[in-house]
Amino acid sequence: MWYAWSLLLLCLSTVTSTTLWKQKRFQTSSFLDDWKLDGDHDFGDESMALVDDPDGSSSNKVLRIFYKKGSYSGSGDYRGAQFYSRPISPRTCLTLDYKIYFAENFDFVKGGKLPGLWGGNQECSGGRNADECFSTRYMWRSRGDGVVYAYIPDNQKSDFCDRNEVHCNYDYGHDIGRTWVFKTGQWQRIRQTVKLNSVGSKNGALTVRFNRNKVLQVKDLVFRNSNNIEIEGIFFSTFFAGGSSSWATPKDTYTYFKDFKLSDRGC
């Protein structure tokens, strides 16, 4: 019995993960060069800045995103930032880690977008069809409730919308989660693992860890209906969401980001 337990512990201790890409220390210029952006920024050049760590815990610069008072998805400048990146080659399973800090004056209002993974074409946002793509950005919702805001194909299992953690919206993306809460004035680590389904099967999986605790795991998902669709990289997207000013931030505010990493952890 002792030998069997020792062997099991040895096997568990040798389970490793490989870091596939890590954000280099933010520099004062060209700080997104190693992200390998796919095209230009959709928007947000004017909202991005490198600043000191807001809680003083590190001497390294961090990425700050500015949201102007009254800004939301339909507004003009200073409403956040959005771009696609491909820092590694495509994969069928990938984990994205990063840390986020909401300013102490941050008002979550109705909700807003945060970076996640993407695959296929770049059409899985804004109410467009998810037949040839998927995206797994996060959203903060009112009071800081956290979700994965998923654009995925329609051919999910028949009980998909019956799950407690799933709030279906086949037109504008599904909320999956509300099982963790973002806080203001502190760094929080968020990690998502996307494991694509085998084409023709409903065996994809989505897992989220928040501050190292597993807060969400959803299996039996369909992310793709073609082997041509793989996980391409990071969909950096953050703004106060929604189609009217009722979603807008009532004050100038910021989020801060650091420690972005892609790995095969959990795959």
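Me: What should I know about the source and numbering?

Reply: This is a predicted model: local features need pLDDT of at least 70, side-chain atom pairs count only at pLDDT 80 or more, and totals for chains, interfaces and linings use all residues. Residues are numbered from 1 along each chain as its sequence is written, and side-chain values use heavy atoms, leaving out hydrogens and water.

Me: Sheet first. In what order do the seven strands of the open sheet run?

Reply: The order is S4-S14-S6-S7-S8-S10-S9, with antiparallel pairing. Strands are DSSP E runs of at least two residues, numbered from the N terminus. Two strands pair if DSSP finds at least two bridges between them.

Me: Which are the edge strands?

Reply: S4 and S9 (166-167), as each pairs on one side only. S9 pairs with S10 (residues 174-181) over two bridges, in the antiparallel sense. There, Val166 stands opposite Ile176.

Me: And S14, how many of its residues are buried?

Reply: Nine of nine, so strand S14 (residues 231-239) is mostly covered. Buried means under 20% relative accessible area, exposed means over 50%, and partly exposed lies in between (1.4 Å probe, protein chains only).

Me: What does S14 pair with?

Reply: S4 (residues 80-85) pairs with S14 over six antiparallel bridges. Gly80 faces Phe239 there. S6 (residues 111-120) pairs with S14 over four bridges, also antiparallel. In that pairing Gly119 is opposite Ile231.

Me: Switching to S12. Why is it largely enclosed?

Reply: Because six of the seven residues of S12 (residues 204-210) are buried.

Me: Which strands does S12 pair with?

Reply: S11 (residues 187-195) pairs with S12 in the antiparallel sense over six bridges. Arg191 stands opposite Arg209 in that pairing. S12 also pairs with S13 (residues 213-221), antiparallel, over six bridges. Phe210 has Asn213 in S13 as its bridge partner.

Me: Where does Asp259, with its positive phi, sit?

Reply: In strand S15 (residues 253-263). The phi of Asp259 is about 60°. At 41% relative accessibility, Asp259 is partly exposed.

Me: Now charge. Which residues gather in the negative patch on the surface?

Reply: Asp40, Asp45, Glu46 and Asp77. Patch residues have over 30% relative accessible area and no salt bridge; like charges are joined within 9 Å, and nonpolar side chains (Val, Leu, Ile, Met, Phe, Trp, Tyr) within 5 Å. A salt bridge is a side-chain nitrogen of Lys or Arg within 4 Å of a carboxyl oxygen of Asp or Glu.

Me: Where is Glu46?

Reply: In the loop between S1 (19-22) and S2 (48-52). Glu46 counts as partly exposed because its relative accessibility is 34%.

How values were computed:
Accessible areas come from the Shrake-Rupley method with a 1.4 Å probe; for residues, only the protein chains shown count as cover. Lys and Arg count as positive and Asp and Glu as negative; His and the chain ends are not counted. The place of a charge is taken as NZ of Lys, CZ of Arg, CG of Asp or CD of Glu.
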